Amino acid sequence: MYVADLSDSDPVGKIKFSKLHEFEAPKTSTVMMKINQKIYALSTNFTYFSGFKMYPIPFEVYDPDTHFSKSITRRLQTPPFYERYERGKRDIRGYALVENTLCVQVGDFDCHFYYVNSGIWRPSPHQNSWFLSSIIRNGLGRNLCHGKFVLGCEDVLISILRTRMEAFLIPPPGSNENALVFCQMFHEVDDDLSKIHEFSYEIAGGLVLNLDEEKMCAIFSCGGNLELNFLVYIYIFQVSKFPEQPCTKRTKRLQTDFRPRLKDFLSVSCLSKGFYYLNRPGFDFPFMTGAFYL
C-alpha cells in the first residue's frame, strides 16, 4: 500500500508516492475502503486473474493507530463465496457501505453483507438493519452496489446499471414494511446515450459520484472497435426533493409485489454535460474501473 501527499507536489506537478504498508498476502483486483478510520483491503476478482488459485487471505484491515505495534494488520473472515468454483460466481461486481455494513454484489445477482462491528459475513441483512432490509426486499441490492445516496437526501439512491440510470426513494425507518419504493428515470441521460450509436460506440457501463450536497455526477464509458478513441459521457446535475407526501402503502392484493413504482419525486437540473474523447493508451481498449472527486 502506497500513499501520497497531494498538497506537496513538485513544481512540474509530479506526485510522490511512498510505501506505507505491505499486507500479509496478495490480493487480486483489490478494492480499498476507509471505514471508521481503518483501511480495508478486499480481493474482488477470484477467477480471471488468479486462474482459480486460492490465496489464503483475501480480506484484511489496516489500522493506522496500531502502526507501531505488532498488530498492524488483522486478517478478517474469509467471504463465504470465496470457495465457489463456478467461474464468475465468486467475483465482486460492485459494493457499497451502509450503516457500518459492507454490501457486495457477487456474480450477476447475489448480494452478501459484511458487518464491520462484528466482523461477520451474512447472506442477508440483519433483522435490525431496517433501512438495508427495505432496500434488499425491494430487489435493489445491485442498484445499491452501483450507486450513491444523495448528500442531503440520504433516503434517495441514484444508481447506474449498464445503460440504465435511476433514482429510488427509500421509505424512512419506522415505515410500514409494505411502504412503496418509488423510482424515477433520467430521460435526458437516456436520450443523450442513444446518440452514441450513430458513432459506432456502445455503452460499457457507468458510475455515480457525489460532488457536493445534492450535487452529483454520472460518468459513462463508451466502447467501440480498436480504431476508435476512448469516449466518456459526463452528466453533472443538481437534485432536490419535491415536498414530502404521505407514504403510500401497498394494498393486501399487492403485498408480495415489491417492485418499485414509477413516480417523479426529484427535481433534476443539468449543470453541464458532454461527450469527451480520451486518448487510447496501448493496444487494449481501456475500461473504467473507478473515479473520485477532489
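**Note on the predicted model**

1. An open sheet is built from four strands, which pair in the antiparallel sense in the order β3-β4-β5-β6. At its edges stand β3 (31-35) and β6 (73-75); each has a single partner strand, so one side of each lacks a neighbour in the sheet. From one strand to the next, the twist averages 25°. The model is a predicted one.

2. Within this sheet, β4 (residues 38-42) and β5 (residues 59-62) form an antiparallel pair with four bridges. I39 has Y62 in β5 as its bridge partner.

3. Helix α3 spans residues 187-194, and V189, D192 and L193 in this helix are buried. Viewed down the axis of α3, the buried residues lie within an arc of 95°, so they line one face of the helix.

4. The cysteines deserve a separate point. How many disulfides does a search of the whole structure find? The search finds zero. For C111, the closest cysteine sulfur is that of C145, at 4.6 Å, which is too far for a bond; a disulfide would need the two sulfur atoms within 2.5 Å.

5. Is C111 buried or exposed? C111 is buried, at a relative accessible area of 15%. C270, with 30% relative accessibility, counts as partly exposed.

Terms used: Residues are numbered from 1 along each chain as its sequence is written. This is a predicted model: local features need pLDDT of at least 70, side-chain atom pairs count only at pLDDT 80 or more; totals for chains, interfaces and linings use all residues. Side-chain values use heavy atoms; hydrogens and water are left out. Buried means under 20% relative accessible area, exposed over 50%, partly exposed in between (1.4 Å probe, protein chains only). Helices (H or I, at least four residues) and strands (E, at least two) are DSSP runs, numbered from the N terminus. The arc is that of the directions from the helix axis to the C-beta atoms. Two strands pair if DSSP finds at least two bridges between them. Axes are lines fitted to C-alpha atoms, for helices over the stretch in contact, and angles run from 0 to 180 degrees between N-to-C directions.
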